[in-house]
Amino acid sequence: MIGGRTLKTLAELNRRGNYIIIGVKGDHKLTKRLSEMGIIAGKSVTVIATSSGPMGMMIYFQGQRLAISKEVAEKISVRNISDDDDVELQELAELHVGESGIVVKLVGSKQLRKRLLDMGLTRGTMLKINQIAPLGDPIELLIRGYKLSLRKADAQSIMIEKV
């Protein structure tokens with residue numbers, strides 16, 4: 001449950017649309033295989049055709065169409081990207097080590113927003129607080145597979161939904 005909403009799995013979806021992967025559950029072999037394909041938390045996926053009965057579903061992921069069985073789709077938790085309108089926002093600087101969030105919007109000057117976008121902090125991107133310096137500044141994030149250090153003042157301009 002995030003932001004007061006219950007997460008859904010890909011198998012539970014009954015309409016097409018854009019979704020963000022929140023988590024992948026299952027045995028080690030399955031999660032490793034999906035991870036090798038790039039199906040990890042924070043990535044976006046477009047549902048092209050939903051599952052009907054025991055049949056699988058069709059998704060668009062990283063420029064490719066993929067067919068996913070219902071069993072695999074039941075292991076992938078997602079949320080609709082367009083659900084950002086009714087979320088409870090907080091500043092990135094308010095998170096603690098180990099907590100995660102999804103970028104909803106950037107505030108501040110135009111130059112700051114552009115610099116943050118250039119660093120990969122775009123809407124719908126999942127991030128995690130990796131470390132915070134002893135005096136609270138800077139903050140180290142894990143985002144898009146790399147580590148990014150931000151000043152606390154810059155982190156206050158990033159509005160996120162805590163996951």
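Guide: Across the interface of domain 1 and domain 2, one salt bridge is found in this predicted model. Its partners are Arg79 and Glu161, whose closest N and O atoms are 3.0 Å apart, inside the 4 Å limit applied to such pairs. In general, side chains of opposite charge can pair when their charged atoms come close. The search for polar contacts across the interface of domain 1 and domain 2 likewise returns one residue pair, with both residues at pLDDT 80 or more. On the side of domain 1 that touches domain 2, strand S2 (residues 17-24) gives the most, contributing three residues. Sorted by class, that side of domain 1 holds four nonpolar residues, one polar residue and one charged residue.

The extent of the interface can be stated in two ways. In terms of contacts, six residues of domain 1 meet four residues of domain 2. In terms of area, domain 1 and domain 2 bury about 380 Å² between them, and 65% of this lies on carbon and sulfur atoms.

The two parts themselves are domain 1, covering 8-80, and domain 2, covering 89-162. Their centres, taken over C-alpha atoms, are separated by 26 Å. An unreviewed UniProt entry places the feature "domain: Ferrous iron transporter FeoA-like" at residues 8-80 and 90-162. For residues 90-162, the end C-alpha atoms lie 8 Å apart, and the span is 18% helix and 42% strand.

Beyond the interface, a few local details complete the picture. The whole structure contains six salt bridges by the search. Among salt bridges in the model is the one between Glu36 and Arg33, where the closest N and O atoms are 4.0 Å apart. Glu36 and Arg33 are separated by about one helical turn because they stand three residues apart in helix H1 (residues 28-37).

Two points of backbone geometry also deserve attention. Most residues other than glycine have a negative phi, and most peptide bonds are trans. Gln62 is located in the loop between strand S4 (57-61) and strand S5 (64-68). The bond joining Asp137 and Pro138 is a cis peptide bond, with omega about 10 degrees. Pro138 belongs to the loop that connects strand S9 (126-132) and strand S10 (139-143).

Definitions and conventions: Residues numbered from 1 in each chain as written. Predicted model: local features only at pLDDT ≥ 70, side-chain atom pairs only at ≥ 80, totals over all residues. Heavy atoms only, no water. Domains from an automatic or database assignment. Contact = heavy atoms within 4.5 Å. Buried area = accessible area lost by both parts, 1.4 Å probe. Salt bridge = Lys/Arg side-chain N within 4 Å of Asp/Glu carboxyl O. Polar contact = N/O pair within 3.5 Å; in protein donor to acceptor, adjacent residues only side chain to side chain. Helix = DSSP H or I, 4+ residues; strand = E, 2+ residues; numbered from the N terminus. Nonpolar A, V, L, I, M, F, W, Y, C, P; charged D, E, K, R; others polar. UniProt positions renumbered as here; feature names shortened; annotations may be inferred.
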